[in-house]
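Please open the structure in your viewer and keep the selection tool at hand. The tour below goes from stop to stop, saying at each one what to select and what to look for there.

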Amino acid sequence: MQSLLPPQVDAHLVELVKAQHLDPVLDDMERRADANRFPIVGRAVGRFLELQARMIGAQRVVELGSGFGYSAYWFAGAVEAGGPGGEVVCTDTDPANAALAEQYLRRAGRWDRVRYHIGDALEGLAAVDGEVDVVYCDIDKQGYPAAWAAAAERLRVGGLFLCDNVLWDGRVAGLTPSGHDDDRRLAATDRPGAQDRPGAQDRPGAQDRPGAQDGPGAQDRRAAVTDAIVAMTREVAQDPRYVSAINPVRDGVLVALRVT
Ligand SMILES: C[S@@+](CC[C@H](N)C(=O)[O-])C[C@H]1O[C@@H](n2cnc3c(N)ncnc32)[C@H](O)[C@@H]1O
């Protein structure tokens, strides 16, 4: 996974997190992500997400796009710190991811804080009663505008909308990334229906299928994805109910605080 930061700076951020918090389960999850080119947020962003949730004493976190539980690991730590009743609602269309998340998060002693909805992320959010402290968005990028529209209504005043990949390897500012990670991520999670195939993203080499990056319409899909991310971030920035900023760590994390 590429970061927009120079590799040395990125490594420095990761080492600082490791110095505070070591867990072999996290190492194993990162190894799985590397081996399968599965896009997890990584340590520096994981810690940042946990920090955001802790800072508002979050007890009800809903993740849109949980994969095999890496980002949920961090949110589960935050809700545990916030009190006895907190929970993280995970969502993902892929049941194989739910099974893996259970394995890892049980080992880490965090599964009792997690409820995993297998299916569409917005349906999972709709099934949660009442106001929510944090909505974290990491689904297919073309779904970002709809995710924001749904989340904005559900967050309490003082709650946070957090969203990953909002800089999209610089494409949101017209850059063309030199590596192919962006294309792989598109192939992995953003092709229509890609996330519906059991284990589709978690199969070794799935993203490296011949033609995965350059098939017909790949450029149009990339442009549509970038447009969706930009449209969503502009809507957030202009919403008078929210104060927002983007942390450019790794691929950019949007933080929007509900103020009214
Ligand atoms: C980038 S990965 C999530 C990684 C995870 N947040 C982490 O850092 O550990 C995106 C995940 O979202 C799932 N996904 C994509 N679109 C979705 C949707 N509309 N509803 C539910 N899950 C979705 C994919 O199956 C994939 O596992």
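What percentage of the 260 residues in the protein do buried residues make up? Buried residues account for 45% of them, and it should be kept in mind throughout that the model is a predicted one. If you colour the chain by secondary structure, you can follow nine helices and seven strands. Among contacts between residues at least 6 apart in sequence, 74% join residues at least 24 apart.

**First stop: the core**

Select Phe75, Val135 and Phe161, which, of the 63 residues in the largest nonpolar core, touch the most other members. Staying with Phe75, and leaving aside its neighbours within four places in sequence, you can show its contacts, which are Leu49, Glu50, Ala53, Val61, Glu63, Val88 and Tyr136.

Now select helix 7, residues 144–154, together with helix 9, residues 218–238, whose axes come within 8 Å and cross at roughly 25°. Because angles under 35 degrees count as roughly parallel, helix 7 and helix 9 are described as roughly parallel to each other. To see where they meet, show Tyr144, Pro145 and Trp148 on the side of helix 7, and Ala228, Ile229, Ala231, Met232, Glu235 and Val236 on the side of helix 9. When the residues of this contact between helix 7 and helix 9 are sorted by class, eight are nonpolar, none is polar and one is charged.

Sorted by class, the residues of the contact of helix 1 with helix 3 are four nonpolar, no polar and four charged.

Select Val157, whose place is in strand 5, residues 155–164. Is Val157 buried or exposed? Val157 is exposed, because it has 10 other C-beta atoms within 10 Å, and a residue counts as exposed if that number is 12 or fewer. Not counting residues up to four places away in sequence, Val157 touches Arg258, Val259 and Thr260. If you draw a distance from Val157 to Thr260, C-alpha to C-alpha, the two are 5.7 Å apart in space, although they are 103 residues apart in sequence.

**Last stop: two loop residues**

Finally, select Arg37, in the loop between helix 2, residues 24–36, and helix 3. Arg37 has a positive phi of about 50° although it is not a glycine. Arg37 is buried, because 20 other C-beta atoms lie within 10 Å, and a residue counts as buried at 20 or more.

Then move to Asn165, in the loop between strand 5 and helix 8, residues 181–190. Asn165 is not a glycine either, yet has a positive phi of about 65°. Asn165 is also buried, with 25 other C-beta atoms within 10 Å.

Definitions and conventions. Residues are numbered from 1 along each chain as its sequence is written. This is a predicted model: local features need pLDDT of at least 70, side-chain atom pairs count only at pLDDT 80 or more; totals for chains, interfaces and linings use all residues. A nonpolar core is a set of buried Ala, Val, Leu, Ile, Met, Phe, Trp, Tyr and Cys residues joined through C-beta atoms within 7 Å. Two residues are in contact if their C-beta atoms, placed from the backbone, lie within 7 Å. Helices (H or I, at least four residues) and strands (E, at least two) are DSSP runs, numbered from the N terminus. Axes are lines fitted to C-alpha atoms, for helices over the stretch in contact, and angles run from 0 to 180 degrees between N-to-C directions. Angles under 35 degrees count as roughly parallel, over 145 as roughly antiparallel, 65 to 115 as roughly perpendicular and the rest as oblique. Ala, Val, Leu, Ile, Met, Phe, Trp, Tyr, Cys and Pro count as nonpolar, Asp, Glu, Lys and Arg as charged, and the others, Gly among them, as polar.
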